[in-house]
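This report describes selected packing and backbone features of a protein model. The sequence and structure are shown first.

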4 protein chains.
Amino acid sequence: MNNSFGNIFKITSFGESHGQGVGIVIDGCPAGVELDEQFIQSELDRRKPGQSRITTQRKEADGFEFLSGVFEGKSTGSPITIFIRNQDQKSKDYDHIKDIYRPSHADFTYQEKYGVRDYRGGGRSSARITAGWVAAGAIAKLILKEIGIKCQAFVSQVGELKLEKNYLELDLSKTESNDVRCPDEVTAKKMFELIDNVRKNRDTVGGVVTGVISGNPVGLGEPVFNKLNATLGFAMLSINAVKGFELGSGFDGVKMRGSDHNDAFENKGSEIGTKTNHSGGVQGGISNGEDIYFNVAFKPVATIMKDQSSVDGEGNAITVKGKGRHDPCVVPRAVPIVEAMSALVMADFYLLAQTNKLRG
Amino acid sequence: MNNSFGNIFKITSFGESHGQGVGIVIDGCPAGVELDEQFIQSELDRRKPGQSRITTQRKEADGFEFLSGVFEGKSTGSPITIFIRNQDQKSKDYDHIKDIYRPSHADFTYQEKYGVRDYRGGGRSSARITAGWVAAGAIAKLILKEIGIKCQAFVSQVGELKLEKNYLELDLSKTESNDVRCPDEVTAKKMFELIDNVRKNRDTVGGVVTGVISGNPVGLGEPVFNKLNATLGFAMLSINAVKGFELGSGFDGVKMRGSDHNDAFENKGSEIGTKTNHSGGVQGGISNGEDIYFNVAFKPVATIMKDQSSVDGEGNAITVKGKGRHDPCVVPRAVPIVEAMSALVMADFYLLAQTNKLRG
Amino acid sequence: MNNSFGNIFKITSFGESHGQGVGIVIDGCPAGVELDEQFIQSELDRRKPGQSRITTQRKEADGFEFLSGVFEGKSTGSPITIFIRNQDQKSKDYDHIKDIYRPSHADFTYQEKYGVRDYRGGGRSSARITAGWVAAGAIAKLILKEIGIKCQAFVSQVGELKLEKNYLELDLSKTESNDVRCPDEVTAKKMFELIDNVRKNRDTVGGVVTGVISGNPVGLGEPVFNKLNATLGFAMLSINAVKGFELGSGFDGVKMRGSDHNDAFENKGSEIGTKTNHSGGVQGGISNGEDIYFNVAFKPVATIMKDQSSVDGEGNAITVKGKGRHDPCVVPRAVPIVEAMSALVMADFYLLAQTNKLRG
Amino acid sequence: MNNSFGNIFKITSFGESHGQGVGIVIDGCPAGVELDEQFIQSELDRRKPGQSRITTQRKEADGFEFLSGVFEGKSTGSPITIFIRNQDQKSKDYDHIKDIYRPSHADFTYQEKYGVRDYRGGGRSSARITAGWVAAGAIAKLILKEIGIKCQAFVSQVGELKLEKNYLELDLSKTESNDVRCPDEVTAKKMFELIDNVRKNRDTVGGVVTGVISGNPVGLGEPVFNKLNATLGFAMLSINAVKGFELGSGFDGVKMRGSDHNDAFENKGSEIGTKTNHSGGVQGGISNGEDIYFNVAFKPVATIMKDQSSVDGEGNAITVKGKGRHDPCVVPRAVPIVEAMSALVMADFYLLAQTNKLRG
């Protein structure tokens, strides 16, 4: 159960950073979906390493292969398996961490939990495994496209640099126009410089990715232990390095009064909507048709190019050398991951909602 | 699946605000746990309405009954069912909302999703159902006690009033000494006044509850789609009115550099620990033995004593009258709910961890 | 997970033979189903004890109460909880088995597994808990009625007395016309006599219940690990005392040649069907539209009125006295249970099938 | 959910007969298990086609590759993915069935359910996918070996030829000594001749596989909806062509009286056991320590070398030609599949049982 996500459109993740590769099994994809390979690859390309000098220099084409579930370009209702073979595994780079615990990595906890660990590049704890999630998310996006739901994301903060506009004031189509994936070009430039400086300083920095889901029907999400907001939060907190999630008014909303925060309903002609959207498109755990928007906080990447003090497996004090390839800031490459996870959530809830009412 | 939570220690929630009552089935409680009824009741008492003038005036004893699973005071390994009968259901109070959609309530989304709804007091969407969660959480606490894990929570913010101390600077045993459940008495007093003023103004205000889990073994939580942090987030975001969750350094951590944020390991004699704890006790989704701490953001309660504009079921503009009983600020009563949910998460992961290694 | 059954229409069973009562939570019942209480009670009445001299003499009205999920007579999409309070609990009858293990009962395995057991009347292992299943099955039947699916069952064997007609040669509407629930009156009479003789001899005897599901659409059941036949088998083998399950040609089919066993397709005008039905209405785990029929083997009831040798908790040889109330043959009362379980399977697969194809 | 099996040791099956290959993901294998590749391959070899003239002539080496989860020969607690590439896919052999429905195959039900199907060699409905199950079962066997549980199976019936000895009268180590996998050599020879005659007659025949699980601890299996017997039945009924399952006394047991059928407990010195074993090692859904034994009925293979009447996708009457490669009788190759599925059930329940009691 621990490597699966979803109720109906259920993914099972597998693979390691420096093993054979990483992959995903999708169980529950409806039959007949046209699996646009070019689109899936383009989504993987947005996540892949080596895109610019502010991302890790590991070289991976991240080409994928369908191992099952596809016939004549369409889903068949059988499990779809996607496999992405590792290529640039410099496993030797990791011999020096075989017996040591890198600060704020998962080395210690994996070793203690399992008594054995694949230490090469973080093994199973590497963010490389999100390649499989992005591939599955691309298929979820193809399904959502038919319903009119769109999942977008962008970088809204890097370190102390916060984009002081909300998503409605931005042109999200510009997100891909720069390496930072911030749709505001002036801020993007500043963010790039900040990340580049951090990189030169052999350090790393955190950031925030904002997600926006639009074109939502009313009624997705289940009210008690499968709330749309809770499942989105779970999905985002499953991404490596995420430390926080807020939806709609979020942490700032706690300062407000109910009379200001409440979203008054109004008749928008063809449908009932709300005047404001502090709820972030979810009420009682269920989509109300308004945009769903949320923030995801990423901590600074734990791998830094500086020496750090730590202990080895026997508890002896040691120094961890700054070595290996890594991202100085994870948020630019996290944008497609956030989109993928939100698409997985929405596609799953869309399918699940088919069971709420009887059909003749 | 939508009303169940947990993998091994699995709860299924049922009931409505103004129906027969609310309850919980616990499937997977190990056999032989002494079910201390007095303790379970004391936890329910912390959540129950009518505790002070800053909570709702609904009168509910919230006495509970075991319907199954208990024999001679002990769990038997069979499902434990706890039922809390409703008493003070003023259902007539809700006739006026039968056909209208209250702003920022779940009236509209439930009606659209299901085509039918129990509108009395919010029905299934009422926070009253968390009484069952608190009862189950009390049993989880009894299990955790044997392992030495302690789940605590307290109010750290009300509206703009933020407690400027972290949990290590506080004496958490004082949390229950005041009606706000803030362990800092000076701040608690200010918070009480703020809530009372908001109440007099017929309005509501949001707040933050901080959770602290201590005495943790290393190795709880599963690494990929069952991360301890993600599951805690999911649990908290399942509580009514929650809009945000952050663990460890959270949203503030994004501003830091990796070299400051990383938690250096050190040999603490009997065990390996970390010098700082920006990770919040979780690395790679797994507990590292340090304290787990997190913040939960609650929006202002949607029920206010003021008139609001809205629409009815046919989309006609109407005015919602300020009527009914409610909490001006939900966080004081949310403290035991946050504790209960975190206890459920920890007990579940503790049991699940028994399956990670082979035993002879 | 161990007390729940179903994927979408998911039931969670709770309760014990001599505790407060037995019950069921149904999570995933679509909203808007008219919950005909009279029908639910009539199904419970078919299962309840004390129906004739060939059933146990325990007196239970088996009246039920909705604890949640119902509003103005309809399902709301929230969990439906049904509770049946125990009345005629002669718990003292069971003091003599507190420390002993009755042969072929679950006393020994429960005690060893859990270290504690509710020994009164078998506690959780009592077939009394199937009352909750029958109530849930009644609701499943109400759903299936709208689709045109009918779940029936009848007694086809008692001891060595086997009904030598297949279901197509019988008038299933006569099943309820006698206490044995065999639709062939001549055989029913013989079966009654056999059971009554066994009873007088203070012994018990086994039997077979045949289930028939008609009016099936094509496409229910999932092909690999959720096959319709496998799930039906699982459901039936979950009923107390069941030792075997066969579908379609079953164990006799192994003697056939493929050329005789294969069911040729033919065009039946409005639909494609098969000339023969050795497949029992399921091919590749999926319903093909033909009738589904199957046999369920029940062993003789373990409680007999004779002295038996056994051991106590310390392993000392003892004699178990023939005491208590019980059924001399379980199959007459098992008929509504088999029907209920098959209705639960079919309703669940019907709802699940809504997610196999995309809808606009 | 439809391609996964197990609670803790959970397998997800993928792949098709004539696609890239077939595979399995195992999520929940404890860390530190030595994954003996030679043993896994030897189990696959027992299932692979082309073993003798009474099995299909398709040539597949069924060599496997670990795609994930293994490090230095051991399980790491991460998902283990095993992939078996298809080699001898004569897909062109299947062009003639593209638009027709073969009798008693899954062509019709898949087409109706999904609107699209991979018709090549049965696609997903091919028994070829059980190669993945056998590989996973081999790992389950490696785990069970450490506990002392042994899962064996053998052919006990082919057509009308029934082995008239029970498993205690046989030397199960002789099962692999002949192509039929019947441990009684005289009967095995007769069975071989029967199958070979059926084959020459271009027909097929059914059979029975008997499974025996020995070395069982007391306490495996969960009492209500996860009974050991029900889960074994579900596992067996998930195997292609299975139409029946019976455990212990099974269908024959219905003829017995309770006084004969009951298994008296006795003190066997080091443990409590039973004098007889009509229960088949399971009481109340839980293992009692005695041998578990059961029969699995396989129908005759649907693919025959004779012409058959059927319909095409538009419902036109057509003739299906006898073509393709197939097994004249499936039971010899089904033996390792039955063993694999029973090993998966036992390993899963063993791990799950770790959560029933609290450990300090």
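Strand S11 (residues 242-247) of chain D and strand S16 (residues 292-298) of chain D run antiparallel and are joined by five bridges. Helices (H or I, at least four residues) and strands (E, at least two) are DSSP runs, numbered from the N terminus. Within this pair, Phe245(D) has Val296(D) of S16(D) as its bridge partner. The model is predicted: local features need pLDDT of at least 70 and side-chain atom pairs count only at pLDDT 80 or more, whereas totals for chains, interfaces and linings use all residues. Residues are numbered from 1 along each chain as its sequence is written, chains are lettered from A and ligands numbered from 1 in the order in which they are written, and side-chain values use heavy atoms, with hydrogens and water left out.

Both strands belong to an open sheet of 10 strands with antiparallel pairing, in the order S9(C)-S8(C)-S10(C)-S16(C)-S11(C)-S11(D)-S16(D)-S10(D)-S8(D)-S9(D); two strands pair if DSSP finds at least two bridges between them. Strand S9 (161-162) of chain C and strand S9 (161-162) of chain D stand at the edges, each with a single partner strand, so one side of each has no neighbour in the sheet.

## Helices on the sheet

Helix H4 (residues 185-200) of chain D lies across strand S8 (150-158) and S9 of chain D, at about 60° to S8(D). Helix H7 (residues 331-353) of chain D also packs on the sheet, where it touches S8, strand S10 (207-214) and S16 of chain D, and its direction makes about 145° with that of S8(D). Contact means heavy atoms within 4.5 Å. Axes are lines fitted to C-alpha atoms, for helices over the stretch in contact, and angles run from 0 to 180 degrees between N-to-C directions.

## A helix pair in chain B

The axes of helix H3 (residues 130-147) and helix H7 (residues 331-353) of chain B come within 7 Å and cross at roughly 50°. H3(B) and H7(B) are therefore oblique to each other (under 35 degrees is roughly parallel, over 145 roughly antiparallel, 65 to 115 roughly perpendicular and the rest oblique). Residues in the contact include Trp133(B) and Leu144(B) of H3(B), and Met341(B) and Tyr350(B) of H7(B).

## Positive phi in chain B

Glu72(B), a residue other than glycine, has a positive phi near 50°. Glu72(B) lies in the loop between strand S5 (70-71) and strand S6 (74-75) of chain B and is exposed, with a relative accessible area of 62%. Buried means under 20% relative accessible area, exposed over 50%, and partly exposed in between (1.4 Å probe, protein chains only).
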